[in-house]
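Subject: Structure for your review

Dear colleague,

Please find below the structure that I am handing over to you. My findings follow it.

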Amino acid sequence: MSLPPRQSGRIAARAHHSPAAAILRKFEPFFVIGEVSGGPLLIASIAALVLINTAWGSTYAHIWDAPLRLTYDGWAIAKPLSGWINDALMPLFFLIIGTEVKREFVKGSLSSVRTAALPVVGAIGGLVVPVAVYLAFNLGTQAQHGWGTVAAMDTAFSLAIVGMFATSLPPSLRATLLAFAAIDDVFGLLVIAFAYTATLQPWFLALAGAAYLGIILFLRLNWVTPILYVFLGIVVWIGILGSGVHPTIAGVAIGLLLPTNSRLSERRFAAHVQRPIDEIKKAEAAAARADDPDEEDTHHLSAQKNLGYVHEMAAATDEAAARLIRILTPWVSYVVLPLFALSNLRIHFSPDLLSDILHSNLAIGIIAGLAVGKPAGFLFATWLACRLHLARLPEGLTWRMILGIGGVAGIGFTISLFIAELAFTDETQFEEASLGVFAASVLSGLFGYAVFRSVPAKR
């Protein structure tokens, strides 16, 4: 994550006049508008932890647990408010992740086979090793079923930490982290689908599959009407939601379809709009000379028609993937992710719970799996793949940076809490799991920050 150049320049200049600006500059990546940022999520997380531990904690939790029921022609689905946030809003976050990953694989620093293999292999190691560590503490116990809690990382927080070093780290590091995070999250979603889905509804899956194939078909036909894709995307989401699979996987699946190339190149754009621009000039000049109001309106209408043509041709030079990221990112950063934290983070910091954590294999397994297993699995898998010449480090990356990526990968929040809620029906176990995720996230964030801070700044 990096700040836009102009904004970065303003902040750098401001630092010359204000010592506080120099300090706050480090926190800018947590609140950057143009990309998914972790600042609002962090603030919402702190607010949720404070509120749930006050005298109004039960009332606060009751608000998010209030049922919301949707019905249509005999079909009904009821979920608590927090459940709708998870199922209806969080797919937008994963839609952005899937879209950005496709861009990196198609035209970014991961476009070659061997560099693309690096995050894939790393994600496999980042799944197998943490699960093995967790099971080493909990195999054969009632907490064994919660192994999926350590399966996935939190993308927003990890990108925000990397963004704090945007001027000293190569762009390929963010691309590698983003690809690893997306693949890691997909693994987590698959874990939810196959390990924590009680029943599957094949007809809903067929509906989702048909809508998904419809999107592919219309993309092949170069159909440009956005409303059609929005409708089909909603149908995909409904199908996956009704099937029993967690609907966040719909976001990633649709994001991987979005075109990363514009329909019209800049050169062809210039060739196509030259005549309409000349016509606009002529029409406006004629309108200025006209004495009759009706004639003046006629010339203005001609200019507006050509302006509409130019506008549509300019829109054709924009990538669908880039446009969607630009539209959704502020909403995801400042609405979706904070709402998720406010509705899902419910850790009661009581002396009894903190004491139980020290003797809880469940919490210790989660902490060890995320804070130790994630970086160890990612580092070992990528090193082995490079030694076997199956993958190679993207340009500018070092093994210390790879360790840093593995470190921040231990920040488990979104999907980790998803899975913890599905795996642990007992309230005490869920609180222990949530506190374990929280502790592992803090430790992993500090470790990743320390590693990236030790990387020599690029010249």
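**Findings**

W64 is buried at 11% relative accessibility, where buried means under 20% relative accessible area, exposed over 50% and partly exposed in between (1.4 Å probe, protein chains only). The model is predicted: local features need pLDDT of at least 70, side-chain atom pairs count only at pLDDT 80 or more, and totals for chains, interfaces and linings use all residues. Residues are numbered from 1 along each chain as its sequence is written, and side-chain values use heavy atoms, with hydrogens and water left out.

Y60, with a relative accessible area of 11%, is also buried. Both Y60 and W64 belong to helix α4 (residues 57–65), 4 residues apart, or about one turn of the helix; helices (H or I, at least four residues) and strands (E, at least two) are DSSP runs, numbered from the N terminus. Rings of Phe, Tyr and Trp (its six-membered ring) pair if their centres lie within 6.5 Å, with planes under 30 degrees apart counted as stacked, over 60 as edge-to-face and the rest as tilted. By this rule there are 5 aromatic pairs. In one of them, the ring centres of Y60 and W64 are 6.3 Å apart and the planes meet at 80°, so the pair is edge-to-face. F218 and W223 form an edge-to-face pair as well, at 5.5 Å centre to centre and 70° between the planes. F218 is partly exposed at 23% relative accessibility, and W223 is partly exposed at 43%.

The largest nonpolar core has 103 residues, and F424 and F452 have the most contacts inside it. Such a core is a set of buried Ala, Val, Leu, Ile, Met, Phe, Trp, Tyr and Cys residues joined through side-chain atoms within 4.5 Å. Helix α8 (residues 171–195) gives the most to this core, with 12 residues. A second, separate core of 8 residues includes V273, I280, A283 and A303.

G412 lies in the loop between α17 (399–408) and α18 (414–423) and, at 0% relative accessibility, is buried. Leaving out residues up to four places away in sequence, G412 touches A152, M153, D154, L370, V437 and S441; contact means heavy atoms within 4.5 Å.

Helix α10 (residues 226–243) has buried residues that include Y229, L232 and G233. The buried residues of α10 pack against β2 (75–80), α5 (81–107), α9 (202–220) and α11 (248–255). Just after α10, G244 takes a positive phi of about 100°.

Yours sincerely

How values were computed
Expected span 1.5 Å × (residues − 1).
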